[in-house]
Amino acid sequence: MKKIKTVKIHNTALLFILIAPFTIAFYASYIFNPVHRGDLWLYLLQILADGIAIINLGTLWLTILLDLIQPEYHKRDMKYDPSWAITTPLSVDILIPVANESLTIIKATLESAKAINYPHQTYVLDDGGSLKVKQIAKNLKIKYLARPRHQKSYAKSGNLNYGLKHCDGEFFAIFDADHIPEKEFLSELLPFFENEKVALVQTPQHYTNTQKFIAKGTALAQDVFYKYIQPAKNSYNASFCVGTNMLYRRSAVETIGGIALIDHSEDIWTTILLHEKKWESVYYNKVLAHGRAPETIPDFFQQQNRWAMGGFSLFFKRNPLFLSQLTTDQKLQYTFSNIHYFSAFSILIYLFLPINYMLTGNYSMNVMDSSGWLVHFIPYFITVYFLPLFLLGQFSLATVSTAIASFAPYLKAFFSVVLKNKYTWIATGAERKKSYLIMNYIWPHIFIIVLSLLSIIVGWYNASDIILTITITFWILVNTYLLYIFVRNGVFAYA
């Protein structure tokens, strides 16, 4: 019998996790005390930004901390018999939905899926209707399916459900076109299904193209989620599907009417519907597929916007806190994930406040008590920025830069959900027309960069507090540089 455990956390990271609640509380005791406020409206923006940031950071640490301190005998029984899938005859389908991705990428994934060393049938589900993809499938002796034009609705989820109508395996795996599975994928995951309550087994997304700036930033940011957050959620039967590199029990998915029909984020919606039906999910913390992170600004924005749409749509349309069928732990863990995307408002406010001070001389806090603010802020700042460093084992400007730049796709997703705008799904890495305007994505960043530089000129022209002006100038320059390197590297990659 084998047992899967959470990755051991480095002692230094553990120390920061333990002191985080105290540094957060210490900072909050100052920032939320109106005695220290400056301009009222700016102060309200400050507490909104800090409130969102503190909630997000607090829930991140709480998730990891609760998993660490939970007694071993209370944790979910993750034992399984590796021989079960060998001695028990099981039928498995592999579904690979594609939609205009590079033929080279599609072919590599199809070849690897076919080579998986457990008996299975592979299907390529081509929403691009490409004759070249059809020929590749024919050469590899893989089944090719393409939806008729009049049935092309609900993007990826519609494509997957169409595929399920044409296959009948007891289990089915899903790989995006740019995620190449290992040969052992099925033999490693199928034993979990000896437990008849298990509906889904998810493995990490692991990116191999991290030599590119945006890809590196995206990959490192996801490492915290896949190495620490998903394993922690797993302890509470709250780990969820991430769209690729997973294996489903078909009979479980049939109890919810198939893959959730939605234009985006069908993965998390499908998982929450399964959890409502009392099915279990498993997160297997082992890399069994290798994918490609977005390298260009359009791909990055499309990916982040799609993920944020899932979080916001759940929050506003099917808020987990009010779903009686979920356990308390599941309600909290889904909510923790959904509210992450509200960080867009925090980022935008943090970018705006220093600029506003240089332009108007008004600030959210009492600038005459800057030393008191620093005493409370510095421990909080150190905890915030050093914990991810110790969890990841490295620091990268790409991670910070892409995190700051993500405010734009997050905000777009927020207003799309609130205003009920129709979402157009585009696969990450899909080939685009040359006329695709990158400026549609980066104009907010360029606007902030230009405004930041102008604000420094204005602020120094009429500086009243030299020390504070120097501090604010430094902060603006840091923010400007991080946005600049994102734009520069993104434009270069796109060109």
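**Core, cavity and sheet**

The largest nonpolar core has 47 residues, and those touching the most other members are Ile297, Phe301, Phe312, Leu351, Phe407 and Phe486. Seven helices each supply at least two residues of this core: H8 (213-234), H11 (297-317), H13 (343-360), H15 (397-405), H16 (407-418), H17 (439-461) and H18 (466-494). H18 gives the most, with eight residues. Please keep in mind that this is a predicted model. As general background, nonpolar side chains in soluble globular proteins tend to be buried together.

What does Leu351 touch, leaving out residues up to four places away in sequence? Its contacts are Ile404, Phe407, Ile448, Asn479 and Leu483.

Leu351 also turns up in the next item, the lining of the largest cavity. Rolling a probe the size of a water molecule over the atoms shows where empty space is left. Searching the whole structure gives two cavities of 30 Å³ or more. The largest has a volume of about 40 Å³. Which residues line the largest cavity? They are Leu351, Pro354, Ile355, Ile448, Ser452, Ile476, Asn479 and Thr480. Two or more of the lining residues come from each of H13, H17 and H18. By type, the lining has five nonpolar residues, three polar and no charged. Ile448 and Asn479, both in that lining, are also among the contacts of Leu351.

Now to a different part of the chain. Helix H6 covers residues 155-165, and ten of its eleven residues are buried. The buried ones are Ala155, Lys156, Ser157, Gly158, Asn159, Leu160, Asn161, Tyr162, Gly163 and Leu164. Note that Lys156 is on that list. What do the buried residues of H6 pack against? There are strands, namely S1 (92-98), S2 (121-126), S3 (143-145) and S4 (171-174), and there are helices, namely H9 (250-254) and H10 (266-276).

Last, strand S6, residues 198-202. Five of its five residues are buried. S6 pairs with strand S8 (residues 280-283) in the parallel sense, over four bridges. Within that pairing, Leu200 has Ser281 of S8 as its bridge partner. S6 is also joined to strand S7 (residues 246-249) by three bridges, and here the strands run antiparallel. In this second pairing, Gln202 stands opposite Met246 of S7.

To recap, S6 pairs parallel with S8 and antiparallel with S7, while Leu351 belongs both to the core and to the lining of the largest cavity.

Notes. Residues are numbered from 1 along each chain as its sequence is written. This is a predicted model: local features need pLDDT of at least 70, side-chain atom pairs count only at pLDDT 80 or more; totals for chains, interfaces and linings use all residues. Side-chain values use heavy atoms; hydrogens and water are left out. A nonpolar core is a set of buried Ala, Val, Leu, Ile, Met, Phe, Trp, Tyr and Cys residues joined through side-chain atoms within 4.5 Å. Buried means under 20% relative accessible area, exposed over 50%, partly exposed in between (1.4 Å probe, protein chains only). Contact means heavy atoms within 4.5 Å. On a 1 Å grid over the protein atoms alone, a cavity is a set of points where a 1.4 Å probe fits but cannot get out, and a pocket is an open set with protein on both sides within 12 Å along at least five of seven lines; lining residues have an atom within 4 Å of a point. Grid points are joined across faces, edges and corners, and a volume is the space filled by probe spheres set on the points. Ala, Val, Leu, Ile, Met, Phe, Trp, Tyr, Cys and Pro count as nonpolar, Asp, Glu, Lys and Arg as charged, and the others, Gly among them, as polar. Two strands pair if DSSP finds at least two bridges between them.
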